[in-house]
Amino acid sequence: MVYLTRKAEFAASHYYHNPDFTPEENQRIFGKCNNPNGHGHNYTLEVTVKGEVDPRSGFVVDLKQLKEILNREVLDAMDHRCLNKEVPEFSSRIPTTENLAIVIWQRLETKMKAAQLHRVRVYETPELFVDFYGEA
Amino acid sequence: MKAHLTRRYMFSASHRLNSGSLSEAENAAIYGKCNNPFGHGHNYHLEVTVSGAVDEATGMVCNLTDLDTFVRREILDRFDLENLNTRPEFSHTVPTTENLCTAVYDILRLGFAHAHLEKVRIAETMMNSFEYSGEKGIV
């Protein structure tokens, strides 16, 4: 089994707000992230796939295909966008980095053909990242 | 759904590697420059990894404010700009980064209740880093 990781960067804005919370609860739990005008990050995404090396190609995965999937499912959908308003999954979920990792996993998982998705890592800043390994 | 969250911190401290159970010559041979009696310092980069189910209401594994508050109070305030050799955590052990890693892990494991502690990683320099996940080992 060999693991391969591809990186990508995107910039997006978001804010944290749960309509089921009172304004005071939203403020207490989410702090500055509750500002309704939003704020932004340069996100760094690392997608790790695993598989056996194909003896004919020497590849775990076709990198061109992986890049196309990442571009279509993540970058086109999220780069230079407001996650709350432009990514449908976040109409009912808070766009925390935890949920962003889960949403990116869900978007990629069904599109992978030869290789198996192993880990999605999302850096919100160099000081904070989230890993998601799937439901198991 | 379970996710892993990692937060990075930085603190600066000095230390001297010298074991009371070794002779002066042995200490000099084993620890080399790190045995300098006047000590030396590092900017330590600490990574704390916690895990847990993502709360549906908040979208969080744990509130970063809780983690930051705990780490600041229990780790950074304790070790930042200190001489590690003078700390009670190292009264019986050599303040190598291995032992610093296990000390930080134990403080978090015993005191931080908001999420499950997965791993502590400390980079002493750009060239070396140490990880500890408890006795179960690195997952």
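**Labels and their rules**

Modeller: B:Lys119 is a case to begin with: at 24% relative accessibility it counts as partly exposed, because buried means under 20% relative accessible area, exposed over 50%, and partly exposed in between (1.4 Å probe, protein chains only). The model is predicted, so local features need pLDDT of at least 70 and side-chain atom pairs count only at pLDDT 80 or more, while totals for chains, interfaces and linings use all residues. Residues are numbered from 1 along each chain as its sequence is written, chains are lettered from A and ligands numbered from 1 in the order in which they are written, and side-chain values use heavy atoms, with hydrogens and water left out.

Biologist: What makes B:Glu131 and B:Lys119 a salt bridge?

Modeller: The rule asks for a side-chain nitrogen of Lys or Arg within 4 Å of a carboxyl oxygen of Asp or Glu. Here the N to O distance is 3.7 Å, so the pair qualifies. B:Glu131 lies in strand β5 (residues 129-132) of chain B and B:Lys119 in strand β4 (residues 116-123) of chain B, so the pair ties together parts that are 12 residues apart in sequence. Helices (H or I, at least four residues) and strands (E, at least two) are DSSP runs, numbered from the N terminus. B:Glu131 counts as partly exposed at 37% relative accessibility. Through shared partners, salt bridges join B:Arg8, B:Glu47, B:Lys119, B:Arg121 and B:Glu131 into one network.

Biologist: Why do A:Asp131 and A:Arg119 count as a salt bridge?

Modeller: Their N to O distance is 3.9 Å, and the limit is 4 Å, so the label holds. A:Asp131 lies in strand β5 of chain A and A:Arg119 in strand β4 of chain A, so this pair links parts that are 12 residues apart in sequence. A:Asp131 has 4% relative accessibility and counts as buried; A:Arg119 is buried too, with a relative accessible area of 15%.

Biologist: What makes chain A and chain B an interface, and how many residues are in contact?

Modeller: Contact means heavy atoms within 4.5 Å, and 21 residues of chain A are in contact with 18 residues of chain B. The two chains bury about 1,600 Å² between them, 60% of it on carbon and sulfur atoms; buried area is the accessible area (1.4 Å probe) that two parts lose on being put together, summed over both. β5(A) supplies the largest share of the side of chain A that touches chain B, five residues.
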